[in-house]
Amino acid sequence: MDIATDGLEGQTRIQEDAYDIILLDFKMPGLTGVELLKRIKTKNRSSRVFLISGRPFLEKLIQTQELSHLVEAVFSKPFDVELLLAKIKKLS
C-alpha cells in the first residue's frame with residue numbers, strides 16, 4: 001500500500017508503479033482527482049479507481065464529463081468503509 005499526499009505525488013507514484021486499486025480523492029493540491037484519474041487511465045487502463053469527495057454532486061460531475069467508465073464507484077465523505085471493501089471484493 002502506498003499513500004500520496006497530493007495529486008503531483010500521486011502522479012509520480014503511478015509513473016513508477018502499476019496499481020490494481022486506487023482510492024482517489026476528488027480535491028487535492030497540485031492536481032485534482034479528475035486530472036489524476038485521466039492520467040492514471042492513460043498509464044494503466046486496468047487500474048480500478050474509486051473516487052471519493054466531500055462534495056455531494058461529484059457523481060453527477062463524473063457523468064457530465066463522461067468519465068463514469070473510468071471509475072468503479074464514487075463515494076461521498078464520510079463514506080462507508082464496509083461498502084468500499086464489498087465493492088473491491090466484487091472485482092475479484
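Mentor: Let's start with Gln11, which lies in helix α1 (residues 7-16); helices here are DSSP runs of H or I with at least four residues, strands are E runs of at least two, and both are numbered from the N terminus. This is a predicted model, so local features need pLDDT of at least 70 and side-chain atom pairs pLDDT 80 or more, while totals for chains, interfaces and linings use all residues. Residues are numbered from 1 along each chain as its sequence is written, and side-chain values use heavy atoms, without hydrogens or water.

Gln11 has a relative accessible area of 18%, so it counts as buried (under 20%; exposed is over 50%, partly exposed is in between, with a 1.4 Å probe and protein chains only). Beyond its neighbours within four places in sequence, Gln11 is in contact with Leu31, Leu36 and Arg39 (heavy atoms within 4.5 Å).

Leu36 takes us to helix α2 (residues 33-43), where the buried residues are Gly33, Val34, Leu36, Leu37, Ile40 and Lys41. They sit on the same side of α2 because they cover an arc of only 160° around the axis, taken from the directions of the C-beta atoms off that axis. As a rule, an α-helix has 3.6 residues a turn, so residues three or four places apart point the same way.

Helix α2 also belongs to a right-handed β-α-β unit with β1 and β2; right-handed means that, with the strands pointing away from you, the path from the first strand over the helix to the second runs clockwise. β1 pairs with β2 (residues 48-53) in the parallel sense over five bridges (pairing takes at least two DSSP bridges), and Leu23 has Phe50 as its bridge partner in β2.

Now the whole sheet: three strands make it up, open and parallel, in the order β1-β2-β3. β1 and β3 (73-76) are the edge strands, each pairing on one side only. From one strand to the next the twist averages 20°. Helix α4 (residues 81-91) lies across β1, β2 and β3, at about 165° to β2; axes are lines fitted to C-alpha atoms, for helices over the stretch in contact, and angles run from 0 to 180 degrees between N-to-C directions.

The structure holds two aromatic pairs (Phe, Tyr or Trp rings, six-membered for Trp, with centres within 6.5 Å; planes under 30 degrees apart are stacked, over 60 edge-to-face, the rest tilted). One of them is Phe75 with Phe79, tilted, at 5.9 Å centre to centre and 45° between the planes. Phe75 is buried at 6% relative accessibility, while Phe79 is partly exposed at 25%.

Stepping back, the chain has four helices and three strands, running α-β-α-β-α-β-α along the sequence. Of its 92 residues, 35% are buried.
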